[in-house]
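Dear colleague,

Please find below the structure that I am handing over to you. My findings follow it.

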Amino acid sequence: MALVRFAGQLRKLVNGNVELNFTASNISECIKNLDGQFPGIKESLCDNNGELLESINVYVNGDNVRYLNGLTTTLKEEDEVDIMSAFAAG
Amino acid sequence: MFLKEKKRYDRQINITDFGIEGQQKLKQSKVLIAGAGGLGSPIAIYLAVAGIGNIRIVDNDKVSLSNLNRQILYQNQDIGRKKAEAAGEKLNKWNNDILVEAITETISANNVYHLTDECDVILDATDNFTVRYLLNEAALARKIPLHYGGIYGLEGALTTIIPGKTACLRCIFPEPPPLTISPALGVTAGIIGCLQAMESIKYIVGTGELLTNRMLVFDGLSMKFREVKLRPDPRCPYCSS
């Protein structure tokens, strides 16, 4: 199962969980599965066309999926996924 | 360098790669600290005691009671005072050999270029992305580094942006996060602000490996640091040539 972490203000979407484990073949499926357990996540992360919002960054093992294969970036069992928006407060 | 300065900075002059020369570089440098709040407080204090010769600190707010859990430049008696003014006073108590320019202004498109004039680096300690993006544009225009830092509760992140070499703030965050009142613990601001100050000192002295094209993310709940990779976006309308 891939390890999924939400950072900052997005963490409230998963009820404050620091780390979650999900089985998914790619990022799109990961978000779909997350949305099944925490309804509303998908619309917080994706636009009406199902693409990632520009304010959201998803990293797989530290690499931004925008520079990989976007939502179709494949996931392996040992992968670590970080989902975050910017930290705005100072 | 005066004997008094050699004594004051003796312990850091002894750091490998610092020396008298490094201390001189700090003394001759000028930094802009944008925001004198949670991040701005530790940044300003540590840059002042390190001997940065000229600190320009900008904030338009007044000190309020709810600031005191994290904005360690201020104390109870400062409530109601202009932050920049109170900060300037405090910084000169820590180190009266440095010049502090305390400016009570809101950073805007009208003054950001002026406020960054003659600065060697910009430390982004603001609390909103409207101003953060303005600082990014000023850094790009002036070709000077921008040390980004931000916090949320027990979490925070930072990176060092070098125009022409690294991803800019717009490459990293093309759009701002949703507006919200962020929870903030003073310790978190202290950790991230200190790391921003560390980056700035390293850049000025010219030592170590900067946090470029990578973002350090801190989670105080799990007490873990992790890194994500950053890269310039070739389509970025702000920094791509």
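Two residues are taken to be in contact if their C-beta atoms, placed from the backbone, lie within 7 Å. Please note that this is a predicted model.

In that sense, Ala36(B) touches Ser41(B), Ala44(B), Ile57(B), Asp59(B), Leu73(B), Lys83(B), Ala84(B) and Ala87(B), leaving aside residues up to four places away in sequence. Ala36(B) lies in the loop between strand S1 (30–34) and helix H4 (40–50) of chain B. Ala36(B) has 35 other C-beta atoms within 10 Å and is therefore buried, the cut-off being 20 or more. Its C-alpha atom is separated by 9.9 Å from that of Tyr74(B), a residue 38 places apart from Ala36(B) along the chain.

Chain B also contains a helix pair. Helix H3 (residues 19–27) and helix H9 (residues 186–205) of chain B pack at an angle of about 115°, and their axes are 8 Å apart. H3(B) is therefore roughly perpendicular to H9(B), and the crossing is right-handed. Gly22(B), Lys25(B) and Leu26(B) of H3(B) make the contact with Ile201(B), Ile204(B) and Val205(B) of H9(B). By class, this contact has 4 nonpolar, 1 polar and 1 charged residues.

Finally, two loop residues have a positive phi without being glycine. Asn15(A), with phi near 55°, is placed between strand S1 (2–6) and strand S2 (20–22) of chain A. Asn15(A) counts as exposed, with 10 C-beta neighbours inside 10 Å. For Glu118(B), phi is about 65°, and the loop runs between helix H6 (112–115) and strand S4 (121–124) of chain B. Glu118(B) is exposed, with 10 other C-beta atoms within 10 Å.

Yours sincerely

Note on methods: Residues are numbered from 1 along each chain as its sequence is written. Chains are lettered from A and ligands numbered from 1 in the order in which they are written. This is a predicted model: local features need pLDDT of at least 70, side-chain atom pairs count only at pLDDT 80 or more; totals for chains, interfaces and linings use all residues. Axes are lines fitted to C-alpha atoms, for helices over the stretch in contact, and angles run from 0 to 180 degrees between N-to-C directions. Helices (H or I, at least four residues) and strands (E, at least two) are DSSP runs, numbered from the N terminus. Angles under 35 degrees count as roughly parallel, over 145 as roughly antiparallel, 65 to 115 as roughly perpendicular and the rest as oblique. A crossing is left-handed if the near helix is turned anticlockwise from the far one by less than a right angle, and right-handed if clockwise. Ala, Val, Leu, Ile, Met, Phe, Trp, Tyr, Cys and Pro count as nonpolar, Asp, Glu, Lys and Arg as charged, and the others, Gly among them, as polar. A residue is buried if 20 or more other C-beta atoms lie within 10 Å of its own, exposed if 12 or fewer, and partly exposed in between; C-beta atoms are placed from the backbone.
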